[in-house]
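Dear colleague,

Please find below the structure that I am handing over to you. My notes on it follow directly after.

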Amino acid sequence: GWDFTMRPTYDDWWKARSAYERLKDITIPVLSIGHQGKMGLHERGNIIGYEDVSGPKKLILTGAKDAFEAHDLYDKIEVHEKWMKAFYDYYLKGVDNGYDSKTPNVQLFVRGADEWISEPEWPLKRAVYTPWYLREGRSNSVTSLNDGRLSLEAPATEEGATDYSYPDPKWHFGVASMGPQGPDPVARNLTFTSDPLTKDITIAGPIVAELFVSSTNTDTEVFVKVTDQHPQSAGDRSKGLQPGWMIAAKGWLRASHREKDNARSTELRPFYTHTNPQPIEPGKVYKLDIEVWPSAHCFKAGHRIRVDIAIGDSMM
């Protein structure tokens, strides 16, 4: 613990102990099983591990909603028989079961649609990358500090800025306040919400949030959640009750760690060096490219896509 505390940047001490630095040296067969409900900790490692290892490899991304459900999966013998036995038989026992050719390279559970899809590669070549824009005005669909809009249409001109002060005196659980339905991670933060969708939209792959940010402090943190907001009755909306929602993806960045690793970063996913923290100048606007962890999620017709922005995480 002392070593961790004394080394807050990614220096040679960390690199000497990190499997990340040697992923490409791994040539043995790999079956990487990740869980979307663990998007706050393990999921990214599963995906990057799959991308970088050099040997035969398969990726499975389940819809387990949290660590408890993920661990429960491994307690069931059916899961071992379905996903692992054929892998073990083929690579460890030499059983000619056709595993390598018959098993899809990538299997994704699409949350929201509650169905599995099989893909030949990751990221998906058939994905169409589409920008959404944070807009002024109100969605009138959720209670938050600003209730902004999210749109496929870019603003014709600059639409100003959205600001708020922190810490908020109404925060009780991280950045969550207490509302009529219990802990509320939305009401005292920023949201940008689309109109109700006219058709199902499925996302599967990397996401990046491009934000222009300034602060009166010398550093700040930004947490971004992509949220599936469920339909709500007019009666419940008039009472100020929050609509139901499900977090589809999440990412975060400390502004002082904004320096990107240009050798690894792409237009669709930034990597950060974490070696050269630089404070921000109060009042100056900085462009932050925030990696939002990959997801496979279907936003159903009638639902809304919402982006939540906060300076901390409520774990909800």
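The side chain of Q36 reaches the backbone nitrogen of A296 at 3.0 Å, a polar contact (a pair of N or O atoms within 3.5 Å; within protein, one must be able to donate a hydrogen and the other to accept it, and residues adjacent in sequence count only if both atoms are side-chain atoms). This is a predicted model, in which local features need pLDDT of at least 70 and side-chain atom pairs count only at pLDDT 80 or more, while totals for chains, interfaces and linings use all residues. Residues are numbered from 1 along each chain as its sequence is written, and side-chain values use heavy atoms, with hydrogens and water left out.

A polar atom of the Q36 side chain also lies 2.6 Å from the backbone oxygen of F109. Q36 belongs to the loop between β1 and α3 (helices, H or I, of at least four residues and strands, E, of at least two are DSSP runs numbered from the N terminus). With a relative accessible area of 1%, Q36 is buried (under 20% relative accessible area, 1.4 Å probe, protein chains only).

Helix α3 (residues 43-52) has 8 of its 10 residues buried, so it is largely enclosed by the rest of the structure. Among the elements covering these buried residues are β1 (30-35), β2 (57-62), β3 (106-110) and β13 (286-299).

An open sheet of 4 strands has the order β1-β2-β3-β4, with mixed pairing (strands pair if DSSP finds at least two bridges between them). Its edge strands are β1 and β4 (115-119). β1 and β2 run parallel and are joined by 6 bridges.

Kind regards

Key: Buried < 20%, exposed > 50% of the residue type's maximum accessible area, 1.4 Å probe, protein only. Contact = heavy atoms within 4.5 Å.
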